[in-house]
Amino acid sequence: MLVETLITASPEFMHSLSPEEQKAYFTTARDFVAGRVSKQNIISAVVHMDEKTPHMHLSFVPLTLEGKLSAKALLGNQRSLSEWQTAYHACMSARWNELQRGESSMITKRKHIPTWLFKLGDRLDK
């Protein structure tokens, strides 16, 4: 029904910004997503300043131009999602040129650990 994204940067970068620049960062990020999914499809964009690193949770309804509900049509596969991330970096680094694009898993071939397995590993340390 919706796609939730997490928008942030390194703690060092986020804390180096003034409150006005942090607001500009999150506004620019929201505008980037709105340009891809349409502003009226954004359900919420909530900035959290109460945790270690400022970040924004942005949720949108994945409606196609034809009005069909389809996250796959908007986000595509791993390759097209990586292209989204590259375009996002280009947009953000146009203003904040110190931002670095992380290496794509398409290049590194790293795999993500399922949440349940990650949580199980945490219990093994105790």
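**Notes on the model**

1. Arg 95 counts as partly exposed, at 47% relative accessibility; that label covers the range between buried, under 20% relative accessible area, and exposed, over 50% (1.4 Å probe, protein chains only). The model is predicted, so local features need pLDDT of at least 70 and side-chain atom pairs count only at pLDDT 80 or more, while totals for chains, interfaces and linings use all residues. Residues are numbered from 1 along each chain as its sequence is written, and side-chain values use heavy atoms, with hydrogens and water left out.

2. Side chains of opposite charge can pair when their charged atoms come close. The structure holds two salt bridges, a salt bridge being a side-chain nitrogen of Lys or Arg within 4 Å of a carboxyl oxygen of Asp or Glu. One of them joins the side chains of Arg 95 and Glu 21, at 2.5 Å from N to O. Arg 95 lies in the loop between helix H4 (78-93) and helix H5 (105-108), and Glu 21 in helix H2 (residues 19-37), so this pair ties together parts that are 74 residues apart in sequence. Helices (H or I, at least four residues) and strands (E, at least two) are DSSP runs, numbered from the N terminus. Glu 21 is partly exposed, at 24% relative accessibility.

3. A salt bridge also forms between the side chains of Asp 31 and Arg 30, at 3.0 Å from N to O. Asp 31 is partly exposed, with a relative accessible area of 42%. Arg 30 is partly exposed too, at 31% relative accessibility.

4. How many aromatic pairs does a search of the whole structure find? It finds five. Rings of Phe, Tyr and Trp (its six-membered ring) pair if their centres lie within 6.5 Å; planes under 30 degrees apart count as stacked, over 60 as edge-to-face and the rest as tilted. Among the pairs is Tyr 25 with Phe 26, edge-to-face, with 5.4 Å centre to centre and 85° between the planes. Both Tyr 25 and Phe 26 are buried.

5. Tyr 25 also pairs edge-to-face with Trp 96, at 5.3 Å centre to centre and 65° between the planes. Tyr 25 lies in helix H2 and Trp 96 in the loop between H4 and H5, so the pair ties together parts that are 71 residues apart in sequence. Trp 96 is buried, as is Tyr 25. Ring pairs link Phe 13, Tyr 25, Phe 26 and Trp 96 into a cluster.

6. The charged end of Arg 36 sits over the ring of Trp 84, 5.0 Å from its centre. The test for this is that NZ of Lys or CZ of Arg is within 6 Å of the ring centre and within 35 degrees of the ring normal.

7. Strand S3 (residues 55-60) has five of its six residues buried. Strand S1 (residues 3-7) runs antiparallel to S3 and is joined to it by five bridges, where two strands pair if DSSP finds at least two bridges between them. Ile 7 stands opposite Met 56 in S3. Strand S2 (residues 42-48) is also antiparallel to S3, with six bridges, and Ile 42 stands opposite Phe 60 in S3. A hairpin through six residues joins S2 to S3.

8. Most residues other than glycine have a negative phi, and most peptide bonds are trans. Ser 38 has a positive phi, near 85°. Ser 38 lies in the loop between H2 and S2 and is partly exposed, with a relative accessible area of 23%.
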